[in-house]
Amino acid sequence: MILKNPNMFEEDYVPDTITGRTKEIQEIVGTIQPLLEKMKSDNLFIYGPTGVGKTLCVTHVLKNLSEMSSKVTGVYINCWVQRTRPAVLYEIIKSVGDFSPRRGLSGDEIMEELNKCLSSYWGVVVVLDEIDKTKDKEVIYDLLRIIKTRVIIIGLSNLNSFEMDQRILSAYSPRKIEFRGYSVDEIKGILNERAKKALYPGSYDDDVIGLCAAIGYNSGGDARVALKILFSSAKEAQLKNLNKIDIATVQKIKEKTILIRRDSDDLEGLEKNIYDFIGIGKTSKEIENQFPQVTGRTIRNILKKLGEKNMIKKIRLEGKGNRFRYVKVV
Ligand SMILES: Nc1ncnc2c1ncn2[C@@H]1O[C@H](COP(=O)(O)OP(=O)(O)OP(=O)(O)O)[C@@H](O)[C@H]1O
Ligand SMILES: [Mg+2]
């Protein structure tokens, strides 16, 4: 037998040990700290590539918030799901109070209701995960305009910046924390910790953990990818009645797994065409030749944008001066 607790590999499983993010967690807690003492705190913007523990660390802090103070509460919103202004505001009302309106409320009525249900707290931490996906960023402004209860917004994103009205930006003006991709050793630490609880002892060895970690590292330091490969390999080995996960199984799973980036669903038009064309790698010249109807400058802007989203990597071509090859980060 290989898998002891398969549910520990599921996406919604929250590990009780977070490996290698002590500094980042301290920074988040440090930012919220003044709020616990009824003082003004900064807003936060946490950014970094996919699978690097942003959601995990922030939800961990939120979970512990109620133990730190009964006067400060936390709300988690995923802006992929709650995309519009009323959806976000309703979600906060629902999670803080026990309110379910029988009819749609006007903007003013929603704000009134929100003020009412927050009134017993002196502070609220609102996490807006995937903040760049909100359809109307106005909601950030709405939240920061609440007077009686202090509101801190923690926005999470894969982008290091995104467009926002100047007025909203100046109200939000967050402190930024970057979550970098994990190193191979950090991913190994995460995998070992998970494997210890989820797999039977003796059913995996260091080589298997090392290979899964390397695959995660090559996907931009992504712990999610590494955990997924380890889980699939464990299932496959169990199916084949092996008593241990072997390297060949991990290799096979790696080849079979199409590492799909969620972000690519979000691309449109030329940006999507260029991203799809890049495939396993194209030079700037090849990209320009493929899209002759578009100026070099537009293409360079799109490549820059894809780079900022951490969807492609730019690799300098040896001995070719200022020429580059672009590859997808999977
Ligand atoms: N330091 C860690 N210790 C243990 N597990 C981790 C760690 N970092 C990430 N994970 C696990 O990896 C997966 C991805 O983490 P998480 O969802 O926090 O990434 P993210 O940075 O929010 O990614 P995305 O930008 O795609 O939302 C989760 O299953 C999480 O439990
Ligand atoms: Mg996340």
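This is a predicted model: local features need pLDDT of at least 70, side-chain atom pairs count only at pLDDT 80 or more; totals for chains, interfaces and linings use all residues.
Two domains take part: domain 1 (22-178) and domain 3 (262-328) each supply at least three residues to the lining of the second largest pocket.

Attention now turns to ligand 1. Around this ligand there are 21 residues, of which T19, T50, K54, T55 and Y182 come nearest. Several polar contacts can be picked out here. The backbone of T19 places a polar atom 2.7 Å from a nitrogen atom of ligand 1. The side chain of T55 has an N or O atom at 2.8 Å from an oxygen atom of the ligand, while a polar side-chain atom of N158 is found 2.9 Å from an oxygen atom of ligand 1. On its own, ligand 1 would expose 630 Å², and the protein buries 95% of that area.

As for secondary structure, α2 (54-68), α7 (184-198) and α9 (223-239) are the elements that each contribute two or more residues to the shell around ligand 1. In terms of class, this shell consists of nine nonpolar, seven polar and five charged residues. At the domain level, domain 1 (22-178) and domain 2 (182-256) each provide at least three residues to the shell around ligand 1. Domain 1 (22-178) therefore makes a handy reference point for a reader browsing the model, as a contributor to the ligand shell and to the lining of the second largest pocket.

Conventions
Residues are numbered from 1 along each chain as its sequence is written. Chains are lettered from A and ligands numbered from 1 in the order in which they are written. Side-chain values use heavy atoms; hydrogens and water are left out. A residue is near a molecule or strand if one of its heavy atoms lies within 4 Å of it. A polar contact is a pair of N or O atoms within 3.5 Å; within protein, one must be able to donate a hydrogen and the other to accept it, and residues adjacent in sequence count only if both atoms are side-chain atoms. Accessible areas come from the Shrake-Rupley method with a 1.4 Å probe; for residues, only the protein chains shown count as cover. Helices (H or I, at least four residues) and strands (E, at least two) are DSSP runs, numbered from the N terminus. Ala, Val, Leu, Ile, Met, Phe, Trp, Tyr, Cys and Pro count as nonpolar, Asp, Glu, Lys and Arg as charged, and the others, Gly among them, as polar.
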